[in-house]
Amino acid sequence: MISHRQGNAQRIAALDERAEALHLKRGMGIADARAMHPSIDVLEADPEADHRLLESLADWCDRYTPLVALDAADGLFLDVTGCTHLFGGERSMLDDILSRFFHQGFDVRAGLAATPGAAWAAARFASDRIVPGGEEEVLLAPLPLAALRIEPDIRASLESVGLRTAGAVMAAPRAPLARRFGVSLLLRLDQALGRLEEAVSPRLPVAPLSVERHLAEPIMLTDDIERLVRLLATTLKADLERRGEGARMLALLLFRVDGAVSRIAVGTSRPLREPLLIQKLFHERLTALEQDIDAGYGFDLVRLSVLSIAAFDMQQADLAGETSDDGADIALFADRIRARLGESAVLKPVTVESHLPERAVAMLPFAEAPQRISPPKKPDKIQDTKPVFRAERPIRLFCSPEPIEVPATEMPEGPPMNFRWRRALYRVARAEGPERIAPEWWREAPGQEDAPTRDYFRIEDSDGRRYWLYRQGLYGASQAAPRWFMHGIFA
């Protein structure tokens, strides 16, 4: 027996058949139940664990249809439109669902109908029943008001005026019912009878393309899974070629015999549809998750789904039959590393519009960074363009500028003669600058719009080492003395 707290009292939330035989009911106080039967076992309800269990059952039901939705805390909706013939018809599918749940240790009630409302009523009040289309009214007529999925207060009001079954409500005039009990009653009634459409919102997005393989003998080895992935990817390739698209994200679903489901997803930085490359990506991912995937008694259903697709850019082959690589090998290498070590394992620097050097570059995951598919266009030779000389930047730029000690300079606005950095003294032999850089006033926090400017200098010391340092602030501009920082190294 399961208990939960309602107000200031512990009450019965659920009970098994033996507890029902003792004439205990839901909502009864635990103290009263123990007074009647002191030997009963009571467990505290765990709604979070129940929800996780329901979600795992919903994952397992994906073997029948991708359109699976949660129904409150104890039910599932499966939209099996167009799927029943894959299992031998409606009755065969329903029997297979009930049989598999029974062998997993669950007591399940199911119903199948043309509308979600009728299927809900059939599952809870006429278990294992298949309602043909158009016979929803015949099903609902003898059932209690709870079969209409209406609120408890509306149900109590209907029973107070003598309307105790769904058939009595259907026989009553609609206008008085709407005025007295609200439009939600008629809405639920029309949804159950099929007069109004009721959509089932799946808990997971539906994959644009999926292929699966039912196995007569369950598989357990990783090598067998990888070979099956390549076979399924070969089937997917034909569909992707027909659509002119490639996969950007794929998911491998492994349905275990005892009901557990393993989901393995991989992403690609470019549209992909070559079976061998898809197998390599899943090889890396399966290797990384080898300790986390429990095959149990084996997997009897394997599904490969394309979660995200993009247009596939066809490339022209040359006379030798070869196409330009254009970074495809690097992209595949990065995808395999990401599949093995995670999305943040490979980062790519991307330029950002900012005046400050430390803000001008952002490190993004390789797949999220913009990819250049075609080579850059060469400038038109006929067009008269003036060359643009950009300021030289260091090979290594520090993420955060490091403070340095600089004595008073000969010229307040000039470069330093020597400086101390990391406890070492450096004597300046040559210097270039300054290059003045000011922060973006529109990006500064309120009150900091007048942030000090920076004067950058390219410095070469007496040993030939070159540095990029700057002075923040100007001498005499404020009471605070300017500060010097090291920002990068040229060589």
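**Rings, core and charges in a predicted model**

User: Which ring does the charged end of Arg-466 sit over?

Analyst: The ring of Phe-490. The charged end of Arg-466 is 4.7 Å from the centre of that ring. Keep in mind that this is a predicted model.

User: And what about Arg-273, which ring is under its charged end?

Analyst: That ring belongs to Phe-312. Here the charged end sits 3.9 Å from the ring centre.

User: Rings with rings, then. How many aromatic pairs does the structure hold?

Analyst: It holds 15 aromatic pairs. One of them is Phe-101 with Phe-106. Their ring centres are 6.1 Å apart and their planes stand at 85°, so the pair is edge-to-face.

User: Is Phe-101 buried or exposed?

Analyst: Phe-101 is buried, because its relative accessibility is 5% and the cut-off for buried is under 20%. Phe-106 has 26%, so it counts as partly exposed.

User: OK. How are the rings of Phe-419 and Tyr-426 arranged, stacked or edge-to-face?

Analyst: Phe-419 and Tyr-426 are stacked. The centres are 5.3 Å apart, with 15° between the planes. Phe-419 is buried at 0% relative accessibility. Tyr-426 is buried too, at 13%.

User: Which residues do ring pairs link into a cluster?

Analyst: Trp-60, Tyr-64, Phe-87, Phe-101 and Phe-106. So the edge-to-face pair Phe-101 and Phe-106 belongs to that cluster.

User: Let's go inside. How many residues are in the largest nonpolar core?

Analyst: The largest nonpolar core has 30 residues. Those with the most contacts inside it are Ile-225, Leu-250, Leu-252, Phe-282, Val-302 and Leu-304.

User: Which elements give two or more residues to this core?

Analyst: The helices are α11 (222-243), α12 (275-288) and α13 (328-341). The strands are β8 (209-219), β9 (245-256), β10 (261-272) and β11 (299-311). Helix α11 gives the most, with seven residues.

User: Now the surface. Which residues form a nonpolar patch there?

Analyst: Leu-347, Val-361 and Met-363 form one. Together they have about 260 Å² of accessible area. Val-361 is in strand β13 (residues 361-365). With a relative accessible area of 42%, Val-361 is partly exposed.

User: Charges next. How many salt bridges does the count come to?

Analyst: The count comes to 34. Lys-237 and Glu-274 make one of them, at 3.5 Å from N to O.

User: Where do Lys-237 and Glu-274 lie?

Analyst: Lys-237 is in helix α11, and Glu-274 is in the loop between β10 and α12. So the pair ties together parts that are 37 residues apart in sequence. Lys-237 is partly exposed at 24% relative accessibility. Glu-274 is partly exposed at 35%.

User: Which residue does Glu-402 form a salt bridge with?

Analyst: With Arg-422. The closest N and O atoms are 2.7 Å apart. Glu-402 sits in strand β14 (residues 396-404), and Arg-422 sits in the loop between β15 and β16. The pair therefore ties parts that are 20 residues apart in sequence. Glu-402 is partly exposed at 22%, whereas Arg-422 is exposed at 55%.

User: Which residues do salt bridges join into one network?

Analyst: Asp-59, Asp-62, Arg-203 and Arg-263, through bridges that share partners.

User: Last topic, the backbone. Which residues does a cis peptide bond join?

Analyst: Gly-433 and Pro-434, with omega about 5°. Pro-434 is in strand β16 (residues 424-437). Most peptide bonds are trans.

User: What is phi of Arg-149 near?

Analyst: Phi of Arg-149 is near 60°, a positive value in a residue other than glycine. Most such residues have a negative phi. Arg-149 is in the loop between α6 (136-140) and α7 (152-160). It is buried, with a relative accessible area of 15%.

User: And Arg-423, buried or exposed?

Analyst: Arg-423 is exposed, at 83% relative accessibility. Its phi is positive as well, near 70°. Arg-423 is in the loop between β15 (418-421) and β16.

Methods:
Residues are numbered from 1 along each chain as its sequence is written. This is a predicted model: local features need pLDDT of at least 70, side-chain atom pairs count only at pLDDT 80 or more; totals for chains, interfaces and linings use all residues. Side-chain values use heavy atoms; hydrogens and water are left out. Rings of Phe, Tyr and Trp (its six-membered ring) pair if their centres lie within 6.5 Å; planes under 30 degrees apart count as stacked, over 60 as edge-to-face and the rest as tilted. Buried means under 20% relative accessible area, exposed over 50%, partly exposed in between (1.4 Å probe, protein chains only). A charge sits over a ring if NZ of Lys or CZ of Arg is within 6 Å of the ring centre and within 35 degrees of the ring normal. Patches are made of residues with over 30% relative accessible area and no salt bridge: like charges are joined within 9 Å, nonpolar side chains (Val, Leu, Ile, Met, Phe, Trp, Tyr) within 5 Å. Accessible areas come from the Shrake-Rupley method with a 1.4 Å probe; for residues, only the protein chains shown count as cover. A salt bridge is a side-chain nitrogen of Lys or Arg within 4 Å of a carboxyl oxygen of Asp or Glu. Helices (H or I, at least four residues) and strands (E, at least two) are DSSP runs, numbered from the N terminus. A nonpolar core is a set of buried Ala, Val, Leu, Ile, Met, Phe, Trp, Tyr and Cys residues joined through side-chain atoms within 4.5 Å.
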